[in-house]
Amino acid sequence: MKGMTIRAMTQACHGIYHGDEGAVDIEISAITTDSRKIQKNGMFIAICGEKSDGHDYIGKCFDDGALCCISERELPGESRPYIQVESSLTALKQLAAYYRQQLDIKVVGITGSVGKTSTKETIASVLAQKYKVKKTQGNFNNEIGLPLTVFTLEESDEIAVLEMGISDFGEMTRLTAIACPDVCVITNIGWCHLENLKTRDGILKAKTEIFKSMNPDGTVILNGDDDKLITIKDVYDKKPVFFGIENKCGIYAENIVNNGLEGMMAAICNVNTADNIRNFNVHIPVAGIHMVYNSMAAAAVGAVFGLTSKEIADGIANMETLAGRNHIIRTDSLLILDDCYNANPVSMKSSIDVLASSKGRKVAILGDMFELGEEEKQLHYGVGEYFKDKNIDVLITVGELSKNIAAGVRTVSVCDVHSYDTKDELEKDFSKLLKKGDNILVKASHGMQFTKIVDFLEKLELTNILRRRVFIYFREHILLKKEKSV
């Protein structure tokens, strides 16, 4: 890792070095907080977690080839190199910020209430048409995940596309001090993390902390259809680049065609004639109007980095979805829309729109949404009211809060509604609820662990469903009649 000698790292994290002075000018090969992923000549940062204490694995990491470790404690009798710090978490962030500055790389920072990951994937796919791109993997977007993502960057990488997620004030300030973005993208200001941020104005304030450590000569790209983001007039005396469908003051989309779960078609236009991109048509392979917004954001970022219209269109058309995020799974019996990684009212409604656009019988399996504060019941109820005129055939809810979704649906729709307390109870009834060819949306907050439902549905075979229905019919209509006649 460029510039990451033990001496430099000790200085960067204001630590105390213990060990052989002959090792201080050796560059380490990698940094991790996971003792199972230690590399030869790498560094292990020992963090005290809720379930385990990383300090318990320092000896093992040295035995597995670690060159150096970071510890919050003095390690009596340990002769191998380690850096003692007051806080391993703080040191993790300090080292990531230091390493970011050693690399000649451009950074795109992405935040927002909804759509960060899908926007990140779209932008990375577009930029990869011209550059070597590294992007955030999985959910590594917080104060531990972002530093670990930065540590994966290499000298040969040209652009890093980094997702930045928060739940409280001050977090984004710390994240942006690590990433120092050259381009900042904010997808929207929605209803999420209200326990700490309270209002959408609070969310706006927290999200726009991303500007604090960005490159002052960089570019800010914002959703111009968002009533909060459109109020941002300038950042470091530069006007933001806006994208939207209703707002046509920057990058905008028109002639939108919804092909259901097969994706979208749209014309992406640019009012800025100074840019190298002009109006062009694009196929968006993922369903949902939100993907049009993601594509416009990617077009705006592509324009900043000098991509042509064709390169942008190719990047959008070739993007791939991730498990848990608008990911379509086709089995012999069902079409599953796996969007269960996380949920809030805005993303829930967006996914309902995607399901509504599908062809055939429509089933929504929805669970509780967390971190919504005092209005959590009303916000769940509002999701239910959103079912009005969506022509969704079946709603299945799991969890106490999502019973409010069911209550809201019953006031506006003739949708067949079923509520369960647990996933196990639901799985026992799938054979009675589902039919061959069903389009099924699966969505809830991450803590609901709806990936288990997706896994179950993937393994569910139509033959089992038919066999179960035949058995039920035989039992109810033939055996019972014989018993009564006897």
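**Close-up 1. Lining of the second largest pocket in the predicted model.** By class, the lining of this pocket comprises 17 nonpolar, 14 polar and 9 charged residues (Ala, Val, Leu, Ile, Met, Phe, Trp, Tyr, Cys and Pro count as nonpolar, Asp, Glu, Lys and Arg as charged, and the others, Gly among them, as polar). The model is predicted, so that local features need pLDDT of at least 70 and side-chain atom pairs count only at pLDDT 80 or more, whereas totals for chains, interfaces and linings use all residues. Residues are numbered from 1 along each chain as its sequence is written, and side-chain values use heavy atoms, with hydrogens and water left out. Of the 40 lining residues, Thr32, Thr33, Asp34, Phe140 and Leu148 lie nearest the centre of the pocket (on a 1 Å grid over the protein atoms alone, a pocket is an open set of points where a 1.4 Å probe fits, with protein on both sides within 12 Å along at least five of seven lines, and lining residues have an atom within 4 Å of a point).

Close-up 2. The whole structure contains 0 disulfides (pairs of cysteine sulfur atoms within 2.5 Å). The sulfur of Cys13 lies 8.8 Å from the closest cysteine sulfur, that of Cys68, which is too far for a bond, and for Cys61 the nearest cysteine sulfur, in Cys69, is 5.5 Å away. Cys13 is buried, at a relative accessible area of 5%, and Cys61 is likewise buried, at 0% (buried means under 20% relative accessible area, with a 1.4 Å probe and protein chains only).

Notes
Buried < 20%, exposed > 50% of the residue type's maximum accessible area, 1.4 Å probe, protein only.
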